[in-house]
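These are my notebook entries on one chain and its ligand. I went from the terms to the fold, then to single residues.

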Amino acid sequence: MNSVQIGGLAAGVAGFLSYPAILGLTHRPPISIFAGISGRQYPGGASRRAPAVLGNRVNIQVNSQTMKTTDPRRFAMANALRVLAMDAVEAAQSGHPGMPMGMADVATVLFDSHLKFDPAAPDWPDRDRFVLSAGHGSMLLYGLLHLTGYGDMTLDQIKNFRQLGSRTAGHPEYGHARGIETTTGPLGQGLANAVGMAIAEQSMAARFGPKVVDHHTWVITGDGCLMEGISQEAITLAGRQQLAKLVVLWDDNGISIDGELSLSDATDQVARFAACGWEVRAIDGHDVAEIDAALGWAKSNKRPTLIACKTHIGFGAPTKQDTAKAHGAPLGADEIAGARAAYGWEHGPFEIPEAIRADWRGTAARGAAARAEWQVWLGNLSNARQAEFARVVAGEPPKKLAGAIRALKRQVSAEQPTVATRKASEMALSAINPVMPETIGGSADLTGSNNTRTAGLETFDVGSRGGRYVYYGIREHAMAAAMNGMALHGGVAPYGGTFLCFTDYARGAMRLSAIMGQRVVYVMTHDGIGLGQDGPTHQPVEHLAMLRATPNINVFRPADAVETAEAWEIALTSRAPSVLALTRQGLPTVRTKHTNRNLTARGAYVLAEADHKRRAILLATGSEVAIAMEAKALLERRGLGARVVSMPCWELFAAQDEAYRRKVLPVGAVRVGIEAAVRQGWDRWLMGERGTEKKAGFVGMESFGASAPAEALYQHFGITAEAVAEKALALM
Ligand SMILES: Cc1ncc(C[n+]2csc(CCOP(=O)(O)OP(=O)(O)O)c2C)c(N)n1
Ligand SMILES: [Mg+2]
């Protein structure tokens, strides 16, 4: 049988067809898998050719002998990765052996001949980035780091895979071991991170020159990554931006957890990527010569590249190869023995012969030489430019930042404008962007609403990589994940906007900003019912609670232009992600007296002291601080002293010492919290921290909101100074 026609579906979906029952892996019959479009030319001249290895329902015997003769060195290197994955998963009795076994050949060729890396300097700024988006295959990455000689990844770490305190967590965790570029596991995130890394590379190259910054970003994705919605956002953004140095290696194995991919998907991924503006090619992911050629071709492309690597999940496992059984469970002793026999691997668990280790360590030589050459290019920059490069790579804010913020605060306190905090954020950015050339702003198609683009910021685009404003399009999730990638890449400080409500859409990536501790600033405007007539779908009543429940994110809800400037300063000097929840509606300036000190940095502070004997403490954030001030006036008029505490950032307040918190929230007075959002989370400040239930009240939201002008909504939901004063009185 010489040719097979499959009705227009991707190869992985079409395993039922009558392939030769036993297909040698290097055997290449002239198979045409794409009926009617066989030999079709794809953009860039790549023709989508038939992978030599097809069909996941076919019991393919591993032709290890052929692979061995074709390229014995790389075959042995790949087998080292495979046995380490099998053995580590077996030892842990937990983990995912199938993907590393399937992608070992691709990874070997990548590290052996293409990836620019140096284990002696894992953080070298001009290294290629390698992202394992299919994070469940973590043992592939750990094996690579171990064998190539990354100091953090010892054999003991591999043996302690998935154990408490080991660097070899279930999924790759950024910060656990050098060489892990990003935390992956939630499928699709790594792919979108990589888009951000590729953007950062281009931006840095425009700033510091293409000799000092010139590297690729390589990503391994699985079927799962490509099924996730975020992948569509990511690949269309990358396609539009023509991120030529981004290469996706898709582990096209036709299997996911539930079984054959055809159960749930029939997408022609190659055609999909081509339609999004990518260069595409399909290869046999076990044919090293073909892999080598494809990776080389990818580097020469003018647009991002997808290489569909047809592979066998659990490659070599006698009965579990090509089945979901190889995906996420230990293979068991028999399968492991059978796979070892298929590879001709005669060594015990975790045993790698010295010759193979030496071959792996040898792969680092190329990168070491490239780094030495790079040092020369860096040295050619002036001292000032070198210092600037070092500063931005280290993520240090510029010295001028503090002064710029102070000057703005002084001006605002004097002029006391009534402005929306989204506008105040633009004012802050107008002071920041000129003194902080590493910022890269953007918005998910709400530029005019989020006020994220300041005068003088050019567009980041194909012909203008020096531009610092990214039109992310309506892609909240990919925007957030790309910003993670930019922050992880280093050298740039990303911020991006959407409506606070659409935090939901970005949430998967925002959680990872927090887990990884990355300086990403989320400019989330339209932060409550105050946006008015767009109605409940756009009124984020529960989002503050959800964000505050997320560890390691600073959630700022500034009350006026002064607090907004302070929040920006903290966000840009911090190692954690920040959310700025900003209003659409105008707010009066409440910080009318200038202080050089950043009061927002303490999280909460006494904005206005009680004039009469203190009977009430009114705690509020953002747009409700002005309401608290009015309520205070009402109470004082009746001789009842009320203190107003502005709480722009709970996380920072919680981090203050007890003495300071006690000073702000002393025992005794009744407490009323005011926020146009749900109460969840408020009880710590109202009833905890020396408060009591009897003396605690809350004025806020219990429902989703409604469509009406903001003013009417505040009246309708009873978030008014009168209601606050009444609540305080009732508690006294
Ligand atoms: C967002 C997200 N949803 C679900 C999962 C759970 N999960 C991990 S791997 C996987 C299947 C992925 O299939 P594929 O990428 O084809 O991996 P393979 O089985 O080929 O290794 C799923 C559903 C996850 N990690 N992330
Ligand atoms: Mg798969």
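**Terms and numbering.** I call a residue buried if 20 or more other C-beta atoms lie within 10 Å of its own, exposed if 12 or fewer, and partly exposed in between, with C-beta atoms placed from the backbone. Helices (H or I, at least four residues) and strands (E, at least two) are DSSP runs, numbered from the N terminus. The model is predicted: local features need pLDDT of at least 70, side-chain atom pairs count only at pLDDT 80 or more, and totals for chains, interfaces and linings use all residues. Residues are numbered from 1 along each chain as its sequence is written, while chains are lettered from A and ligands numbered from 1 in the order in which they are written.

**Helix α22.** I looked up α22, residues 624-637, and found 14 residues. From first C-alpha to last it reaches 20 Å, close to the 20 Å expected at 1.5 Å a residue; the expected span is 1.5 Å times one less than the number of residues. Its buried residues are E624, V625, A626, I627, A628, M629, A631, K632 and L635. For what covers them I used contacts, meaning C-beta atoms, placed from the backbone, within 7 Å. The cover includes the strands β15 (586-587), β16 (605-608), β17 (614-620), β18 (641-646) and β19 (670-674), and also helix α27 (721-731). Just after α22, G639 has a positive phi of about 85°.

**Core.** A nonpolar core here is a set of buried Ala, Val, Leu, Ile, Met, Phe, Trp, Tyr and Cys residues joined through C-beta atoms within 7 Å. The largest one holds 220 residues, and V195, L580, L618 and V724 touch the most other members. Helix α2 (residues 72-92) supplies the largest share of this core, 12 residues. I then followed L618: leaving out residues up to four places away in sequence, L618 touches A628, A631, K632, A642, V644, V672, I674 and V724. Of these, A628, A631 and K632 are among the buried residues of α22.

**Whole chain.** I counted 27 helices and 20 strands. The radius of gyration is 29 Å, close to the 27 Å that the globule rule gives for 732 residues, so the chain is as compact as a globular protein of that length. That radius is taken over C-alpha atoms, and the rule is 2.2 Å times the number of residues to the power 0.38. The C-alpha trace spans about 95 × 55 × 50 Å along its principal axes. Buried residues make up 57% of the 732. Of the contacts between residues at least 6 apart in sequence, 80% join residues at least 24 apart.

**Ligand 1.** Which residues come closest to ligand 1? They are M99, G222, D223, G224 and S256, in a shell of 19; a shell residue has its C-beta atom, placed from the backbone, within 6 Å of the ligand. At least two shell residues each come from α3 (98-113), α7 (223-227) and β4 (255-256), and α7 gives the most, three. By type the shell has eight nonpolar, eight polar and three charged residues. Ala, Val, Leu, Ile, Met, Phe, Trp, Tyr, Cys and Pro count as nonpolar, Asp, Glu, Lys and Arg as charged, and the others, Gly among them, as polar.

**Positive phi.** Most residues other than glycine have a negative phi. I noted D322, which is not a glycine and has a positive phi of about 65°. D322 lies in the loop between β7 (305-310) and α11 (333-343) and counts as buried because it has 26 C-beta neighbours inside 10 Å. N552, also other than glycine, has a positive phi near 70°. N552 sits in the loop between α20 (543-549) and β13 (554-556); with 15 other C-beta atoms within 10 Å, N552 is partly exposed.

A364 is in helix α13 (residues 364-379), partly exposed with 18 other C-beta atoms within 10 Å. Its C-alpha is 8.4 Å from that of K116, 248 residues apart along the chain. Beyond four places in sequence, A364 touches D118, P119, T148 and G149. K68, in helix α1 (residues 64-70), is 275 residues from Y343 along the chain, with 8.5 Å between their C-alpha atoms. Sequence neighbours within four places aside, K68 is in contact with F75 and G344.

Conventions:
Contact = placed C-beta atoms within 7 Å.
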